[in-house]
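Please consult the sequence and coordinates alongside the text.

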Amino acid sequence: MPNQTSVHPPAPTLDASVDRPARGHRVRQMLLAVALAAPGAQACDGLSVGEAWIREPPPGKGTIAVYMRLHNTGAAPLVIDGVTSPAFAMGMLHENVRDGSQVRMRHLARLTIAAGASVELAPGGLHAMLMRPVAAPPRAGDTVTVALHCGDSTHTLAVPVSRDAP
Ligand SMILES: [Cu+2]
């Protein structure tokens with residue numbers, strides 16, 4: 001999938017205009033995850049996730065940003081190569097890139113966490129973005145199921161939605 005670059009608004013309320021093929025990409029990822037979820041295929045082993053939260057989107061907006069702290073407790077680098085949610089048709093990793101006076105979001109195909117290292121997904125920096133909710137967008141107090149993909153395995157967590165950082 002080509003890099004997606006979009007203007008980042010003051011709050012992460014972007015309605016990303018992303019092409020159709022991304023949906024097929026996600027479906028393929030999910031099928032792969034199902035097909036290869038055999039015992040022994042545990043690329044997410046060692047991944048520890050904390051402090052996960054989702055900022056409540058403004059009324060009428062369906063794109064949400066997901067923040068969390070990722071820690072690789074394993075002895076080998078860990079690669080996260082996708083983010084999905086059953087509540088959204090599309091998800092991706094984004095990084096914020098400063099471009100003059102503007103901050104743009106760029107699609108990140110994979111995120112590598114060194115052995116023993118931590119990576120923060122936080123406002124203003126790296127984040128996961130979920131787009132095209134399949135039902136009404138989540139509100140504060142809801143939880144959203146989010147799956148982090150590590151090759152052919154996934155790490156799934158329930159992420160609370162709140163108006164501000166918890
Ligand atoms: Cu984003």
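The largest nonpolar core has 29 residues, and within it Val 66, Ala 128, Leu 130 and Cys 150 touch the most other members. A nonpolar core is a set of buried Ala, Val, Leu, Ile, Met, Phe, Trp, Tyr and Cys residues joined through C-beta atoms within 7 Å. A residue is termed buried if 20 or more other C-beta atoms lie within 10 Å of its own, exposed if 12 or fewer do, and partly exposed in between, with C-beta atoms placed from the backbone. Two or more residues of this core come from each of β2, β3, β4 (78-80), β6 (88-99), β10 and β11 (143-150). Strand β3 supplies the largest share, 6 residues. Leu 130 touches Ile 64, Val 66, Ser 85, Phe 88 and Gly 91, leaving aside residues up to four places away in sequence; a contact requires C-beta atoms, placed from the backbone, within 7 Å.

This is a predicted model, in which local features need pLDDT of at least 70 and side-chain atom pairs count only at pLDDT 80 or more, whereas totals for chains, interfaces and linings use all residues. Residues are numbered from 1 along each chain as its sequence is written. The pLDDT, the predictor's confidence in each residue from 0 to 100, averages 83 over the protein, and 75% of the residues score at least 70. Confidence is lowest in strand β1 (residues 5-7), with a mean of 49, and highest in strand β9 (residues 118-121), at 98. Over residues 7-22 the pLDDT is below 50, and this stretch has 31 contacts in the model beyond near neighbours in sequence. Residues 32-41 also have pLDDT below 50, with 9 such contacts. Where pLDDT is low, the predicted coordinates should not be read in detail.

The protein has 1 helix and 12 strands. These elements are DSSP runs numbered from the N terminus, with helices (H or I) of at least four residues and strands (E) of at least two. Of its 166 residues, 29% count as buried. Among contacts with a separation of 6 or more, 72% join residues 24 or more positions apart.

Strand β3 (residues 64-72) is largely enclosed by the rest of the structure because 7 of its 9 residues are buried. Its pairings are listed below; two strands pair if DSSP finds at least two bridges between them.

| Strand paired with β3 | Sense | Bridges |
|---|---|---|
| β2 (residues 47-55) | antiparallel | 6 bridges |
| β9 | antiparallel | 4 bridges |
| β10 (residues 127-133) | antiparallel | 3 bridges |

Individual bridge partners locate these pairings. Trp 53 has Tyr 67 in β3 as its bridge partner. Met 68 is the bridge partner of Leu 121 in β9, and Ala 65 stands opposite Met 129 in β10.

Two exposed residues complete the description. Glu 120 is found in strand β9 and counts as exposed because it has 12 C-beta neighbours inside 10 Å. Leaving aside residues up to four places away in sequence, Glu 120 touches Arg 69, Gly 125 and Leu 126. The C-alpha atoms of Glu 120 and Gly 50 are separated by 9.7 Å, although these residues are 70 residues apart along the chain. Pro 166 lies in the segment after β12 (153-162) and is exposed, with 9 other C-beta atoms within 10 Å. Pro 166 and Ile 54 are 112 residues apart in sequence, and 9.6 Å separates their C-alpha atoms.
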